[in-house]
Amino acid sequence: MKSAFLPDRSVVKVAGEDARNFLNGLITTDLDRLKPGLGRFGALLTPQGKIIVDFLITEVPAGHGGGFLIDCPKALAEGLATKLKFYKLRAKVTVENLDLGVLAAWDGQLAAQPDLAFADPRNEALGTRILIPEDLKQKLSDLIGAELVDAAEYETHRIALGVPRGGLDFMYSDAFPHETNMDRLAGVDFDKGCYVGQEVVSRMQHRGTARTRSVKVLLDDLSPEAGVSVMAGDKPVGTMGSSAQGKGIALVRIDRVADALDAGQPLTAGGLAVRLAEPDVVRIPLKQPIA
């Protein structure tokens, strides 16, 4: 089993008697389905339905003070806390940045179950998240029976699984949840009540209008730089994201990529060959007629 402390992650705490209802009215995931020991994937959106910040969230046991801990990008933690305080109005909640980070553990079973640990809900193979101060990373790794490795190894693992990372595989405030596969990674609860941006996201779900998607790609000897255009012939069809060890993630127009595949056109990025790991993901299923 491996573990890695993720230096790009931070933790924001939301607590108080109104915390659950407060957050439920703002974010894409249903906190009524959350309890201590579990995690949910979600996001705070703009009113236009684009992702301001995506995150993992877990509930704190009552014996540890209760509330919710949000595992989010460190660069966005202060902005997220400020945004939540803006929405607070008269709700009885407190919002604070904590001096905690994230230890990810994967490829095995934990020898012990630490506090503030939960399975990553996006993909079982991503393993477990443990919210701890950085100075405890070696002690916690020893406790759970994991070899502490560099965060780059976790990045390679994430990329191989095709799980997008904001700031690399898509830009915040510029992408809809469907475009980053949040609907496929259990990041949007379509049956919950209203939240910021909900109308746009629901419309995309019911009309099937998501034409841009994050997809897994296979690379040859070299990796294109993140941010370069993915091309089908001389036409841009997407943008390259993160890559490692012959695998990567690209944000593409699936209809244009499907047309290119049908025409036998190869895909390139920065002059390097790019192949879809799962070509069928760019095929939009035909809607069945209602009987």
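Which residue of β5 does Thr58 stand opposite? Thr58 faces Leu69. The model is predicted: local features need pLDDT of at least 70, side-chain atom pairs count only at pLDDT 80 or more, and totals for chains, interfaces and linings use all residues. Residues are numbered from 1 along each chain as its sequence is written, and side-chain values use heavy atoms, with hydrogens and water left out.

Helices (H or I, at least four residues) and strands (E, at least two) are DSSP runs, numbered from the N terminus. Two strands pair if DSSP finds at least two bridges between them. Strand β4 (residues 51-59) runs antiparallel to β5, and 4 bridges join the two. Strand β2 (residues 9-15) is also antiparallel to β5, through 6 bridges. Val11 has Asp71 of β5 as its bridge partner. Strand β5 spans residues 68-73. Of its 6 residues, 6 are buried, so β5 is largely enclosed by the rest of the structure. Buried means under 20% relative accessible area, exposed over 50%, and partly exposed in between (1.4 Å probe, protein chains only).

Arg40 belongs to strand β3 (residues 39-45). Its relative accessible area is 13%, so Arg40 is buried. The side chains of Arg40 and Thr29 are joined by a polar contact of 3.2 Å. Such a contact is a pair of N or O atoms within 3.5 Å; within protein, one must be able to donate a hydrogen and the other to accept it, and residues adjacent in sequence count only if both atoms are side-chain atoms. Neighbours within four places in sequence aside, Arg40 is in contact (heavy atoms within 4.5 Å) with residues including Asp30, Arg33, Phe55, Pro121 and Asp189.

An open sheet of 5 strands has mixed pairing and the order β8-β9-β7-β1-β10. Its edge strands, β8 (117-119) and β10 (147-148), each pair on one side only. Strand β1 (residues 2-6) runs parallel to β10, with 2 bridges between them. Lys2 is opposite Glu147 of β10. Helix α4 (residues 151-161) packs on the sheet. It touches β1, β7 (101-106) and β9 (128-132), and its direction makes about 105° with that of β1. Axes are lines fitted to C-alpha atoms, for helices over the stretch in contact, and angles run from 0 to 180 degrees between N-to-C directions.

Helix α3 (residues 137-144) has Leu140, Ser141 and Ile144 as its buried residues. They cover an arc of only 105° around the axis, which puts them on the same side of α3. The arc is that of the directions from the helix axis to the C-beta atoms. These buried residues pack against β1, β7, β9 and β10. Exposed Lys139 and Asp142 sit on the face turned away from the buried side. Gly145 follows α3 with a positive phi, near 80°.

The whole structure holds 3 aromatic pairs. Rings of Phe, Tyr and Trp (its six-membered ring) pair if their centres lie within 6.5 Å; planes under 30 degrees apart count as stacked, over 60 as edge-to-face and the rest as tilted. Phe86 and Tyr87 form an edge-to-face pair, with centres 5.6 Å apart and planes at 70°. Phe86 is exposed at 59% relative accessibility, while Tyr87 is partly exposed at 22%. Trp106 and Tyr154 are also edge-to-face, 5.4 Å centre to centre with 70° between the planes. Trp106 lies in β7 and Tyr154 in α4, so this pair ties together parts 48 residues apart in sequence. Trp106 is buried at 2% relative accessibility, and Tyr154 is buried at 4%.
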